[in-house]
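Hello,

Here is the structure I said I would pass on.

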Amino acid sequence: DNNSLSIINGASVTVENTYIGENSDNNEVLVFGSNSTLRASESIQIGPNSGQDNHLNVNSGGKVVIGSAAGSADSISIGSTNENAELTIGNGSSATAGNLYVGTAVDELGSVTLSGSKTELIISDTAYIGEFGSNNVVTVNSGSSMTVSNLLQVGSGSNSNNTLNIRGETVIVGSVNVQNPDSNKVNIKNGGKLTYTGDANLNDAADNGFNFEAGSTLEIGGALTFDKMDTGVSVNLNNNLNTNLTSTWNTGSDEMYVGDRSADNHLSIKGGASATAGGSTAHIGEFSNNNSISVDGSNSTLTVSGQLINGMQGDNNELNITDGGAAAIGTDLRTGFQTAASGNRVQVSGTNTSLTVGRNMLIGEKGNSNTLTVESGGKLDIGEALTIGKSGNKNSARISGSNTVASAGGDLLIG
């Protein structure tokens, strides 16, 4: 018991297998400091058999590498019979392995904690959280990231209370599966981000073991299925994540909502992704504040068949089109619709960036202090009239910069 190994000050140790507490308790390996490295060509096992409270601590720029070559199927296993075994990675450190197993037997407990800026856990194949055991936990804290290139599986069979908590960023390149989702969970906390290269159905997320808290973010490379963005969750559609899929959100004939009665909903369309609203109306902040749609980059598009209302009775809602993105509104674009709607914004910025409105555009229809900005070579094309402050106060528009163009087929009405 109570044995330790410290690898510090840039030193390195290379072995075939590492066993921390194979049959004893309270043993620790510390890998501390920039370029300090523990390298195992086959595996690292923390707390195998009956060892209890054993720990691998990688900190302050230390590195752990399992496998003789990138992409190898070698593994790190964490789990101790009826007691906890721990892997802690912090403060800009990293661990790389082919596979990750947390809780490898029915009665084994294990935990992994990532903390601090630029801390990384990189799994080139598969990660199992609760492969056979229960009550295993992986936590990715703010500033840290975990990447799994193939399958991430939480729980197996009838085991329970296995959890992935995301407060930083977790990237799932392959697929993700939560078994027994009534008990095993993936929790994306406020400030946490889950990046997934495939399709995602947020309507069924909770039933499948995924809990997205208000203030969390989902970034996807495939198609989004979601009736309404109204839980304070941000969604990034990113077409650069998967060359075999197109990142899209199409509401069909239903109305699109980015913020109905809940605040801080954000839709980002980037990397050539697209969002399409086929219903009569699309809403940004119908009765809520601080919601937004951003369309960024070449070939990124927002298409609304009917009208778009930006801030019906909400404040500080935004449509932001930048760096070659494009938005096309079929009928009217109304910003600051009711008297309670103030501080809502439309911005069109950058060369080859465009906003097309089929009929009328109103800035401050009844609300106050709503704004339109077209700048840096952006283009605005309105089929009929542009109205600034129909019955509201202190509404404004600013058209600025060389090659910036705004045109309307009808009248310009100010106040």
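Which residues in the largest nonpolar core touch the most other members? They are Leu 56, Leu 355 and Met 361, in a core of 86 residues. Strand β4 (residues 37-46) supplies the largest share of this core, with four residues. Please note that the model is predicted.

Leu 56 has contacts well beyond its sequence neighbours within four places. Among them are Ile 20, Val 29, Val 31, Leu 38, Ile 44 and Ile 46, along with Val 64, Ile 76 and Leu 87. Glu 86 and Thr 88 are also in contact with Leu 56.

On the chain as a whole: the secondary structure consists of 47 strands and zero helices. The C-alpha trace spans about 85 × 45 × 35 Å along its principal axes. Of the 415 residues, 53% are buried. Among contacts with a separation of 6 or more, 80% are between residues 24 or more positions apart. The accessible surface is about 16,000 Å², and carbon and sulfur atoms account for 41% of that.

The largest pocket holds about 250 Å³ of space. It is lined by 14 residues, and Val 176, Tyr 196, Ala 200, Asn 201 and Phe 210 are the closest to its centre. Two or more lining residues come from each of β20 (175-178), β22 (193-196), β23 (200-201) and β24 (210-212). β20 gives the most, with three residues. By class, the lining has 10 nonpolar, three polar and one charged residues.

Regards

Methods:
Residues are numbered from 1 along each chain as its sequence is written. This is a predicted model: local features need pLDDT of at least 70, side-chain atom pairs count only at pLDDT 80 or more; totals for chains, interfaces and linings use all residues. Side-chain values use heavy atoms; hydrogens and water are left out. On a 1 Å grid over the protein atoms alone, a cavity is a set of points where a 1.4 Å probe fits but cannot get out, and a pocket is an open set with protein on both sides within 12 Å along at least five of seven lines; lining residues have an atom within 4 Å of a point. Grid points are joined across faces, edges and corners, and a volume is the space filled by probe spheres set on the points. Ala, Val, Leu, Ile, Met, Phe, Trp, Tyr, Cys and Pro count as nonpolar, Asp, Glu, Lys and Arg as charged, and the others, Gly among them, as polar. A nonpolar core is a set of buried Ala, Val, Leu, Ile, Met, Phe, Trp, Tyr and Cys residues joined through side-chain atoms within 4.5 Å. Buried means under 20% relative accessible area, exposed over 50%, partly exposed in between (1.4 Å probe, protein chains only). Contact means heavy atoms within 4.5 Å. Accessible areas come from the Shrake-Rupley method with a 1.4 Å probe; for residues, only the protein chains shown count as cover.
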